[in-house]
Amino acid sequence: MNRRTGPGPAVGRRALAGLLCVVLLALATGCGIPDRTDVQVDGSGPAVSAGASSSGRGEPPTRTSSGADRETFVRNFLAAAAGEPERAYARVKQFIAREDRNRLAEKQGSEVAINVVRLTEKPVITENVNGLLTVRVPVQQVGLLRANGVLGPPVVTDTEYQFSLRGSAEPGQESTQDGGYYVTDPPSVLLLDTLSLRLYYQIRTVYFWNSDATRLVADQRYLPLAVPNERLVSEAVKWLIAGPSDWLRQGVSGLPDRTALINNAVKTDGRWEVNLDLPGDDRRKLEKLGIQLAWSLSDLDGPLQLTTRNQSRVTIDDLAAHRLANPVYPLTEAPQRFTVYDGAIHPLVFEAEPIGPVPIRVEDNHTIVSAALRRTVEDKTLAALVTTAPGGRHRLVAGSGAAPVQVMTPGTQTFAALGRPVWLRPLGGAQPYGLVVADGRLYRFDDRARMVQVPVGATGQVSAVAAALDGHRIALIVGGRLYLSTASLDGGVVSLGPVRQVATTLTDLSAVDWAQENTLAVAGSTNRSAVYEVGVDGVLQAGLVTDVGARVTHLAVYPGNPTYVLPTLMMMYEANGVAYRYRSPSAETIRGEQVLDVPSPPAGGRAGSPTAPFFLF
């Protein structure tokens, strides 16, 4: 069969679409991915005061913008901390009655931190006999937003907040009303609900090199929409200087200690100029920083110049061209769909999608339960197969080489349960490694199916693992909860760094994969089986398939990315032994006639069913 080719690597501004898609999702737009139902109780958005920009360049609503609407006042209070951090306390205190403002102790500079919460129910407002209104806000703690734009894990465990409202007249001035309410007995911390975070901040992605500076790894930041565009370059440089999020530190490298930005970046004659104090004055490090900045400033084109105190200089003639010349991911071909049918891997046939041959030999293509196939930059294929073994057990079989892979090696161990394997995409001639869950524990494996257990810093049985395109960011389901960690491959040993739990209202999690650079597809329950897209920090939580009908046992996604842009989310899953293809806003069954090269069943026999669908990319 002739191979059809999909769309090639994106060029110019089109290559930015995948990166910007996460930002646009926060404002409920597309990138080809339709709107999704959000689990969180958002209600109506914060009211915008007269003269403020609802598109985001203004500050959040003022105290009086809600008028006499108590529900809107409460939602505006939960948005008041949004914006530039140095004025967060001033914005919140305008909502608090003068006599109670000292209950909110102010912090300064880098110590400013905002508790981001998800409303699990709409705020409950009751009127007391003394005329005061009592407000109860049930929440899920999502994270702590720092002044540097990092949303770290939460530090408090409160599941609700209570405070009171009174009329706007100050004591002794009851005859004067300026409209609205004041908060009394306020919470002792700054609060920001997830909807307001998505309304008043841009989601930005910054990139750090892995430990051997061979691959960029994405990290997420929040930038207030009130920050002027001319400060974006300076903010991105400061984020890189400050270093990665804590959960990423083991797998990536920051800039040298004592690196500093000299004044703010300026734009002169159409060229951005960044002056740095860079210890060691290493030109190679400066060139690497140029690639980091080109991707961290993904919506900027044109020239940029980096200059150090010692006058070393790197000039990027055009940021868009620099991104094209230094792709963030080594992807060269469109993804192809495969499935397991009657114990063998077969291609799936869908209109306008590429089709390729099965990249393992016919003699190895049998007794397969699930599989992971990946391409390498040397045009080799990595193959990991879960196969049946005697006694109802399972075994890992692995190999690598030019397709079809000539040598597949069976592992020496068997397991009662063996999950879907994932490869940690290697660079160059490095030894390829992957991760797989076996009998509730996490193992690393190589292309000879040698397995070694990997400790996980979370309590409970491991039930699923997924690896991001960069090969370092890892998603895990442990004890039914969602975690992130970073894989380090230093010295040829795969180890995981500290884990970070990701807040989600989904329960009974069963499967996970990476949906985009900073989001995950997660299968679980909302009183019914469902698949949701969940942000790496838990802020975004949007329904993909809200009623699957049965527990999802297998999930595979081609992760959206800025290097190879596809028009819509590509996802497949299995539930109750039936394979499905996601087609927004729902899913459809993958039928037997969509499986290529299937032999006819013997006389009187029943045709098989597609199971464990996956992507080769």
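I started with helix H5, residues 232–242, and found it mostly covered, with eight of its eleven residues buried. Buried means under 20% relative accessible area, exposed over 50%, and partly exposed in between, for a 1.4 Å probe and protein chains only. Helices (H or I, at least four residues) and strands (E, at least two) are DSSP runs numbered from the N terminus.

A note on my source: this is a predicted model, where local features need pLDDT of at least 70, side-chain atom pairs count only at pLDDT 80 or more, and totals for chains, interfaces and linings use all residues. Residues are numbered from 1 along each chain as its sequence is written, and side-chain values use heavy atoms, with hydrogens and water left out.

**Around H5**

I listed the buried residues of H5; among them are Leu232, Val233, Trp239 and Leu240. The partners that H5's buried residues pack against include strand E8 (201–210), strand E9 (216–224) and helix H6. Just after H5, I saw that Gly243 takes a positive phi of about 95°.

**H5 and H6**

Next I looked at H6 (residues 283–296), whose axis comes within 10 Å of the H5 axis and crosses it at roughly 125°. I looked up who meets whom: Ala236, Val237 and Leu240 in H5 touch Leu289, Gln292, Leu293 and Ser296 in H6. Contact here means heavy atoms within 4.5 Å. I sorted the residues of this contact into five nonpolar, two polar and no charged. Ala, Val, Leu, Ile, Met, Phe, Trp, Tyr, Cys and Pro count as nonpolar, Asp, Glu, Lys and Arg as charged, and the others, Gly among them, as polar.

**The core**

I then checked the largest nonpolar core, which has 50 residues, with Leu293, Leu304 and Val512 making the most contacts inside it. Its largest share, six residues, comes from H5. Such a core is a set of buried Ala, Val, Leu, Ile, Met, Phe, Trp, Tyr and Cys residues joined through side-chain atoms within 4.5 Å.

**Loops**

Is His472 buried or exposed? I found His472 buried, at 8% relative accessibility, in the loop between strands E26 (462–467) and E27 (473–478).

I also noted a cis peptide bond joining Ala403 and Pro404, with omega about -5°. Another cis bond joins Ser584 and Pro585, with omega about 10°.

Last, I saw that Asp269 has a positive phi near 50° and is exposed, with a relative accessible area of 81%.

Technical notes. Axes fitted to C-alpha atoms, helices over the stretch in contact; angles between N-to-C directions.
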